[in-house]
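Hello,

Here is the structure I said I would pass on. My notes on it follow below.

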Amino acid sequence: MIQLEHVSKVYNGTHKAVDDCSFSVEDGKITGFIGPNGAGKTTTLKMITGILEATEGSITLDGVDIKRNGVEAKKKIGFVSDNPDSFLRLKGLEYLNFMADIYDVPTEGRSEKIKEMAERFEMADALGDKILSYSHGMRQKIMVMGALLHSPSLWILDEPLTGLDPKAAFELKDMMREHADSGCAVLFSTHVLEVAEKLCDKVVIINKGRIVFQGTLDQLRQDYPEGTSLEEIFLAVTEHA
Amino acid sequence: MRKYLILTGKLLKSGLGGFAASGKNKKKKRNLSQGVMWLILLVCLIPMIGMLYKAGGGAYGLLAPIGQEGVALELAFFAGSIMNLMLGFPMIISVFYMTGDIEKLLYLPLHPWQIVGAKFTVSLLYTYLTSLYFLCPFLVGYGIASGAGAIFWIFIVIAVILLPVMPLVYSAILSMIIMRVFKKAKNKDFLSIISVILSLVLAFGISSFTSSMGNMGNQQLMDMLMKGRNSLMGLMNGIFPSLRFLEKGVAEGSILSMLIFLGITALALVVFFLIAERLYFAGAMGMRETTARRKAVSSRESHKLNRRRSPRQAYLLKELRLLIRTPIYFMNCVMLVFLWPLFFLIPLVIQFSKSGGIDIGGLLSALDLGSTGASAVVLFVVLCVSLGAGLFNYVAGTAISREGKNFQFMKAIPVSFRTQLQAKLLSGLYIGVGGTTLYCLIILLVLMGCFGLPVWILPFALIGSVLANLIQCLIQLFMDLFHPKLTWESEQQAVKQNMNVMVGMLLNLIAGVGIGMLIFWLYKILSLPLTAYAAVVCVLLAAISFLLYKGVMAYGIRRIESLE
C-alpha cells in the first residue's frame, strides 16, 4: 500500500508544484492517476519513488518511509518512467540482468522469469540486440520488463501504455490486473481516459497540484451527474477546481 | 547566407548546451557555480598563459640575434596546426556524424553547403577555444618582445582565425572518406571509434614523417642558417604547405605572402565543400541506425549473463559497457588514455627508420638499471607517466554529467549513493590503471627480465601508479559532482562541451606538479635508502587518496541528494 499524507513539493522556494496531497493506493486495486498536463502527476510519482524529496508531508510504501529508509522502500517498487530512451547501448538481456542485480534477484529462477516476460511481450528474439535498435514500443516493453523483474509488490507506472502496440498494451493491462488481483497495489498515470475507465478500481484526479477527486468511477459519476462521459466529467472536475 | 548563419547559431547554441532554466533561484545557484568554475579555470590557466607568454618573448630574444626569429613563429603555427589536427578528428566525427541531427536537418529547405558549412563553422569555432589559451599568449609574447607594428598584429589576428582551417579540412576530408568507404559496416559505433583512431595515427604519422627537420645533419642546418634572415623557416611545415607563407607574412610583414596564404586557405575550403557535398550526406545518413540480429539469445550466452552480481559490480559493468560502446564517450573519455604511447612511438619509429636504427638494447645496458640512481629514475618515470597520461582520463570527470536526463535513475534504484559513486569512481580507476599501470607493468617486466632492473621496484611502482590514478579520478569526480551538466540533447554536449573536464584536468595538472614537488622535497630532507623512501612516497599517496576519498564521498552523497 502506498500512503501519501499532506505531501507538498515546492521548487526553488517559490513554485508549488504539488500542494497538500493526501491519498492512498490500496492493495488489491489498480489506481489511475489522472490530470491535465503540468498538473503535478509526474512530480508526485517522482516523490513516491524517491527521485524527488517532498518539501512537506510523508510518503510510506508498505509502511516504510521513503525519506527515512529510501533503499528499503525502493526495493518494494517497480517503477516505469515516462522516458524509455535509457541504456541504449546495452543489449536487452544485459539491461534486464543489470536491473536484476540492482534489485537483488537471485540467479535461481532469473532465466525463467526473463523468458516468461520476454514471451509475454514478444521480445524473445530482441534480447540479444542493443536497445538502440529497438522501436519506441520495444524500448517501453524492455523498461517494463526491467521494472517488474524483481516481482515488486508495488507497481508505479508513468504513462506506461504510450507507444505500446495493441498486443503489448493488452498484456500489460492484463498483468496489472493479475498483480492487483494477487493482493498487490498498482498506481499508474495516464492521459487516456478510456483506459482509466476500463482498468481502474479507483481514480485520483490532480489539477494544479491539488487532489480534486479520489474514489471509484461510480462515485465520480455520482458527484458529477451532469456529465455523460468520463471525458466530460474530467473536464468538469478540472475546470471547477 | 542568412540561413547558414542561423543554422550555425542554432547548432552552436544546442552544442554548447547550458542548463535548462527552471526558476530564478536555480538559475542564480547555477550561475554561481558556473562563475566558480570559470574562476577556477582562470586561476588554473593563468600560470600556463603566463608561461606561454614568456616563452614567446623568450624565443624571440633567443632567435632574433641570429636572425632566425621566424622559427619561433613557425614552431607556434606548426604546433597549433598539429594540435588542431589531433583535436580535429574527434571533433569532426562528433559534430558531423555523432550528433544525430542530420536526419532532422535534411527535410528542412536548406542547401547541402549550408548544412556542411554550418557544421564546419561550429567545429572551427570550437578550435578557437584551444587557440585562445595556447597559441595567443605565445604570439602576444613574441609580438611585444619584438616591438611589432600594426601590420604584425593584423596578420596575427588573421593567422589565429585561419590557422585551424587547413587541419580541419584535412580531418574532415579523411573522416568523410573513411565513413563513406565503411558505410555498410554493421557496427557504426565501432566504425566511428576505429575511424578516429586510424585518422589520428595516420595524421600523426604523416605529419611526423613529412617534417624535414629530423632529416638534416648538423652541417646542412649550419649551411641553411648562414643563408640569411629566417632561412631556417619552412623546415617543420610538413603537411601544411601554406604555413610557410603565413610565417613569412607575419615574420617579415609580407603582404604578398599573406595573400598567398589566404588564397591557399580559400582553395582548401572550396575543395572541402566540393568533396563534402559528394561524400558527407551519403556517409552520415543512417549513422544512428544500428543493425539487429533479432535472433533468440543462445542458452549459453543467456546462462553467462544471468549470473547474479553485487549491485556495485553490476553498476560498474554498466558504466564500462556504456563508456566503451558509446563512441563519443569512448573518444573523449577513454581513447587518449590508451593511445598516448603511440604519440611517442610513431616519431620514434620514424626516426628509427630514417636514421637506420638506434641500439636501444645497448643504450639500456649502458644505463645500468641495477643501480640505485637508475631505479629511482624508473620509479619517478612510472609516477610521471601515471600522473601525465591520467590527465586524459575523463571517465570520473564526466561520471555524473553522462547520466543526463537519466540522472533520476540514480535516485530511483535501491542502491545507496555511496555504492553508485564507488562504481563510478572504479570505472575511472580501471580505465586509468589500464592505460598507465598496465603499460608500466609490461615495460617493467621487460626491464627486469632483460636488463636487470631490481624486482623490489615492481610493487612500489604499481602501488604508486594506482594511487596516482585514484587521486586524479577523485579530483575529477569532485569537479563533476560540484557542477554536473545534466541537461543535454546529444552525448557530445555531456562530455565535449563540459567545462568540468578542462577544470578537472588543470586541477589534476596542478595536483600532479604539487605531488612531484612534495616527493622531491621529501627526497631532499630524508636521507633514507631508496626502498624506504619509495615506501614513504606510497604511504604519502595512500594518505592523500584516503583523505580525498572520504571528502569526495561525503560531499558526493550530500550533493546527489540535493540535485533534482
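Subject of these notes: core, interface and sheet

The largest nonpolar core has 215 residues, and Met145(A), Ile156(A), Leu474(B) and Leu477(B) have the most contacts inside it. Such a core is a set of buried Ala, Val, Leu, Ile, Met, Phe, Trp, Tyr and Cys residues joined through C-beta atoms within 7 Å; buried means that 20 or more other C-beta atoms lie within 10 Å of the residue's own, placed from the backbone. With 17 residues, helix α3 (residues 70-98) of chain B gives the most to this core.

This is a predicted model: local features need pLDDT of at least 70, side-chain atom pairs count only at pLDDT 80 or more, and totals for chains, interfaces and linings use all residues. Residues are numbered from 1 along each chain as its sequence is written, while chains are lettered from A and ligands numbered from 1 in the order in which they are written.

The contact between the chains takes 40 residues from chain A and 37 residues from chain B (two residues are in contact if their C-beta atoms, placed from the backbone, lie within 7 Å). On the chain B side, α14(B) gives the most, with six residues. Helices (H or I, at least four residues) and strands (E, at least two) are DSSP runs, numbered from the N terminus.

In chain A, four strands form an open antiparallel sheet in the order β2-β1-β4-β5; strands pair if DSSP finds at least two bridges between them. β2 (15-25) and β5 (64-65) of chain A stand at the edges with a single partner strand each, so one side of each has no neighbour in the sheet. Two bridges join β4 (residues 56-61) of chain A to β5(A), and Leu61(A) has Val64(A) as its bridge partner there.

Regards

Terms used. Buried ≥ 20, exposed ≤ 12 C-beta atoms within 10 Å, placed from the backbone.
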